[in-house]
Every structure is written in C-alpha cells, then in structure tokens.
Amino acid sequence: MSLAEQWRVARPPAAGVHVDSAACSRQSFATIEASAAHARHEAEVGGYIAAQAAAPALDAGRAAVRALTGMPDAGVSFTTGSNHALDILLDDWTGERTVACLPGEFGPNLAIMARHGFDIRMLPVDEYGRLDVNALGAALAHDPPALVHFTVLGSHSGVVQPVHDMATACHGHGIPLIVDAAQGFAHVDVSGIGADAIYSSSRKWTAGPRGVGVLATRPGFLSDSMRERIGHAEANVGAHVGFSVAIGEHIAAGPAAVQARLRDVGATTRSTLSGVAGWRVLEHVDEPSAITTLQPPDGVDAQEVRARLIAEHAIVTTYLGMERAPRAMAHPALRISPHVDVTEDDLAAIAQALTAVSR
C-alpha cells in the first residue's frame, strides 16, 4: 500500500476534496480516539489523575519533537498554538527589543512583535520573497538586530526559505534565532537548524488537533520562571495526547518519505492548475513544498471563489487576504495545500471547478 493510500485509510472519508492542509489537516482515527480516550479517562478518574497517566504519551511526543527538530537537549513545551509560542518567547526576552524578519512575515506575528514593543527590521529578499543570502551578511553587520525571527514557510506563499543559511549567518554574528515552523514542521526538513527556539502548530501538516502547538528551546534560552508559568498553565491534555499520537504517526510513516511525497504533490498541483481559467501560479513548479498560491485573473474575487468552491463543489481551499503578509502581498490570492493523499482526480476536479466559478 502506498503512503497516500495508508494516509487515506487511516482517516474518515473526506466530505469532498480537502486541499487545505496549510490551514488544518484531517486527523486520523488514532489521533481522534486518543483525544477522546483521554476525555473518557478524565470523566472516570478526574482530570489531574488522568493527566498523570498521560505523562508517558506526552513524554513520547516531546521526544519526537526533539528528534524531528534535531534538538536532543531542547526543553519542549506544549502551547495553544504558534501565536502563543511567539508570545511566550517575546514576553520572556530581556534583551534589546529589535527583531529582524522577512518582508513576508505573518501579519499576526508582526502584531505580537509590535505589542511587545519590538522595532521590526526587514531582511533582504529576492523578487520571489526568498531570503537574499548574498546580501544577508552585510545587512546583519551594518545594523545587527538583537533577535532574528525567521519563518521557514510563509502563510501566504509556498516558497521554502533557506533557514540553514539564516542560522549560519546568525551564529556568525552572535544573534539569537527563533524559527517559526508552523508551515514547515512535518512538511519540509527542519532538523539540525541550530536555532535557539523553534515552534509549530499541531493542526497543519502533522494533522493533529486544533488548539495545541509546541515550542522547543535550547537549554537556558527560556527563563526558569517562564517555564514554571507554562507548566502551571491550564492545559487541554487530551489535545496534547492527540498531537503526540499524530507526531508518532508522522515518524512511523517516515519523515523523508512524507517530505518527498509532498514535494511531488506540490509539483503536480502547480502543473495541473497553472493557467486554469486565467489563474496564475506564483511559485516555480519545482518549489519543494506542497503549497500552491494562485493569483486570480482581473475582476475575479478570490474570497468569493473560495466560498463558491465550498458551497457548489465541496472543495476546501484557503483565501489569502493581504493581512496575512501586509508588507509583502500586493493582491489577495487562493491557497491550495493538499496532503499526501491527494489524487489526480482531485486535482482535475479542482481545475474544473475553478473554471466554473471564475466565469
């Protein structure tokens, strides 16, 4: 059985065509049952006793995160999601409040940075929004920020950023590096980056429950008081258990095999949808990600198209408003993000439906 078939049979049948994994993937039967079983156990013995019993599963989840990030000594904390993780990190930061990031930084991340009083500086990029590695050294040397926040894969684009080059430059200039892997974790290789902190969400490419994420930090980067605060915070332990199961399923499937399949999915999606009904694919066909960004033709409203695809064709995509990347986006777009189970028939149905709703 192929990886795609294994992934498909492990889940309830999709009610239509789901190509929205960059927003929220479909959970497996095992993940759903793990969360539900914990809830039942809470009802039987009480929430705190059930949480103690869940400790081995949660420890396994933390160990899997350390393995996937290549951070064997990291402190690993469950969060409510990626925004929560960034909020924790910036709230705990005691240094100068200057941060460098890409122009395509996620809008809510920019808001969190501003709320914490950070002066935000832009890293150099090329015409595709990819980090300009050749200009990076001079930019960091000329006006070094106190902190770099680097997103592996943006919310508004399928362009994979050269995070290892960024890490090398940060190490050379003695600048701490925080990596946003919300779209990268379980999608592209985020191991061995050498970041001071890396965080992600559960609901995207790991196909875990909503309302949970993870933060991994090198020893000493997060203060003891903040760790204690996180440890005593109210937690949805059932969601943490489900996330741990989902990460385990990803490791069992083989991260390298999943990444290879997602690269193929991205290439096939872009080839199939390029030029359909006047829509323009913004990534190169061989961009090593499964995210495809479509720019609508003149006069076509991407938000309306997304709504009609759901209502009339049971196809789930993502509308990308310019607030997602306010310093980089020039127009709204549509995001197509299939997981490993997508079929050629699914993509053909999307092309046909896109033509129908774009007239």
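Predicted model: local features only at pLDDT ≥ 70, side-chain atom pairs only at ≥ 80, totals over all residues.
Biologist: Let's start with the database record. Which residue does UniProt list as a modified residue?

Modeller: The unreviewed UniProt entry lists Lys-204, with the note "N6-(pyridoxal phosphate)lysine". In the model, Lys-204 sits in the loop between strand 7 (197–201) and strand 8 (213–217).

Biologist: Is Lys-204 buried or exposed?

Modeller: To read burial, you look at relative accessible area, and buried means under 20%. Lys-204 has 8%, so it counts as buried.

Biologist: What is Lys-204 in contact with, once you skip its neighbours within four places in sequence?

Modeller: The list is Ser-21, Ala-22, Ala-23, Ser-25, Ala-182 and Gln-183. Let's follow one of them, Ser-21. Ser-21 lies in the loop between strand 1 (17–18) and helix 2 (29–45). Its relative accessibility is 2%, so Ser-21 is buried.

Biologist: And what does Ser-21 touch?

Modeller: Leaving out the residues within four places in sequence, Ser-21 is in contact with Arg-203, Lys-204, Trp-205, Ser-337, Pro-338 and His-339. There's also a polar contact between the side chains of Ser-21 and Ser-25, at 3.3 Å.

Biologist: Now helices. How do I describe a pair that packs together?

Modeller: Two packed helices are described by the angle between their axes and the distance between the axes. Take helix 11 (residues 255–273) and helix 13 (residues 344–357): their axes come within 10 Å and cross at roughly 30°. The crossing of helix 11 and helix 13 is right-handed.

Biologist: Which residues make the contact?

Modeller: Helix 11 brings Thr-268, Thr-269, Thr-272 and Leu-273, while helix 13 brings Leu-347, Ile-350 and Ala-351. Sorted by class, the contact of helix 11 with helix 13 has four nonpolar residues, three polar ones and no charged ones.

Biologist: I see Asp-346 in that helix. Where is Asp-346 placed, and what does it touch?

Modeller: Asp-346 is in helix 13. Not counting residues up to four places away in sequence, Asp-346 touches Val-17 and Asp-341. Its relative accessible area is 22%, so Asp-346 is partly exposed.

Biologist: Where is Val-17, then, and what does it touch?

Modeller: Val-17 is in strand 1. With a relative accessible area of 13%, Val-17 is buried. Skipping residues up to four places away in sequence, Val-17 touches Ala-314, Ile-315, Val-316, Asp-346 and Ile-350.

Biologist: Ala-314 is on that list. What is the phi of Ala-314?

Modeller: Phi is a backbone angle to check residue by residue. For Ala-314, phi is near 55°, a positive value in a residue other than glycine. Ala-314 sits in the loop between helix 12 (302–313) and strand 11 (315–316), and at 31% relative accessibility Ala-314 is partly exposed. Ala-277 also has a positive phi, near 50°. Ala-277 is in the loop between helix 11 and strand 9 (280–281) and is partly exposed, at 34%.

Biologist: Which polar contacts does the side chain of Arg-121 make?

Modeller: Among them, one of 3.5 Å joins the side chains of Arg-121 and Asp-119. The side chain of Arg-121 also reaches the backbone oxygen of Pro-144, at 3.4 Å.

Technical notes: Residues numbered from 1 in each chain as written. Heavy atoms only, no water. UniProt positions renumbered as here; feature names shortened; annotations may be inferred. Helix = DSSP H or I, 4+ residues; strand = E, 2+ residues; numbered from the N terminus. Buried < 20%, exposed > 50% of the residue type's maximum accessible area, 1.4 Å probe, protein only. Contact = heavy atoms within 4.5 Å. Axes fitted to C-alpha atoms, helices over the stretch in contact; angles between N-to-C directions. Left-handed = near helix turned anticlockwise from the far one by under 90°. Nonpolar A, V, L, I, M, F, W, Y, C, P; charged D, E, K, R; others polar. Polar contact = N/O pair within 3.5 Å; in protein donor to acceptor, adjacent residues only side chain to side chain.
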